Amino acid sequence: MGIKQISVFLDNTTGRLSEVTKALAAAQINLRAISIADTADFGILRLIVDKTDKAIDALNASGFTTRQTDVVAVELEDKPGSLAKLMDLFQQSQVNIEYLYASLEGQIGKAVVIFKIKDHEKALKILSDNNLKMADNF
């Protein structure tokens, strides 16, 4: 189980993020989570959307370079310490987290944390063995 993340490679110039959001809006794509990391020259926009394949088509048609990646989305209670407990579990299991970002879910009191993990299958097993709820969409 897991979800698909879209990475969009952007020149670090004014208006590029606006162009991405306009392309997605025109294709009737709903953003569920978003993160951006940048350097002086370029940025990597990471997206979780409601219609992954359609979003990739729309972005590619608009001239953007995209990549699709498997990530793990874990539903946590939106309260202090929830993420710390999960991070401790990953540390004890020696799970290597490449990056993470979060999104508030539609349910009150819930958050979804999206992880890019080096050993995807190992992480899925650990989460399942510990009865943590994974989202396949949100």
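**Close-up views of a predicted model**

**View 1. The residue after helix 3.** Helix 3 is followed by Q94. The phi of Q94 is positive, near 55°. Like every view here, this one shows a predicted model.

View 2. Helix 3 spans residues 82–92, and its buried residues include S82, L86, L89 and F90. Why do they lie on the same side of helix 3? They cover an arc of only 95° around the axis, which puts them there together. An α-helix has 3.6 residues a turn, so residues three or four places apart point the same way. On the other side of helix 3, A84, Q91 and Q92 are exposed.

**View 3. Strand 3 and its cover.** Strand 3 runs over residues 42–49. How many of its 8 residues are buried? The count is 7, so strand 3 is mostly covered, with buried meaning under 20% relative accessible area.

**View 4. Strand 3 beside strand 1.** Strand 1 (residues 3–11) pairs with strand 3 in the antiparallel sense. The pairing extends over 6 bridges. Within strand 3, I44 stands opposite F9.

**View 5. The hairpin of strands 2 and 3.** Strand 2 covers residues 31–38 and runs antiparallel to strand 3. The two are joined by 7 bridges. They form a hairpin, with 3 residues between the strands. Which residue of strand 3 is the bridge partner of S35? It is R46. L31 has V49 of strand 3 as its bridge partner.

**View 6. The largest pocket.** The volume of the largest pocket is about 200 Å³. Strand 4 and helix 3 are the elements that give two or more residues to its lining. Helix 3 gives the most, with 4 residues. Among the lining residues are S82, K85, L86 and L89. S82, L86 and L89 are also among the buried residues of helix 3.

**View 7. The make-up of the pocket lining.** By class, the lining of the largest pocket has 5 nonpolar, 2 polar and 5 charged residues. Its residues include E75, L76, E77, K79, P80 and G81. K110 and L132 also line the largest pocket.

Terms used: Residues are numbered from 1 along each chain as its sequence is written. This is a predicted model: local features need pLDDT of at least 70, side-chain atom pairs count only at pLDDT 80 or more; totals for chains, interfaces and linings use all residues. Side-chain values use heavy atoms; hydrogens and water are left out. Buried means under 20% relative accessible area, exposed over 50%, partly exposed in between (1.4 Å probe, protein chains only). Two strands pair if DSSP finds at least two bridges between them. The arc is that of the directions from the helix axis to the C-beta atoms. On a 1 Å grid over the protein atoms alone, a cavity is a set of points where a 1.4 Å probe fits but cannot get out, and a pocket is an open set with protein on both sides within 12 Å along at least five of seven lines; lining residues have an atom within 4 Å of a point. Grid points are joined across faces, edges and corners, and a volume is the space filled by probe spheres set on the points. Ala, Val, Leu, Ile, Met, Phe, Trp, Tyr, Cys and Pro count as nonpolar, Asp, Glu, Lys and Arg as charged, and the others, Gly among them, as polar.
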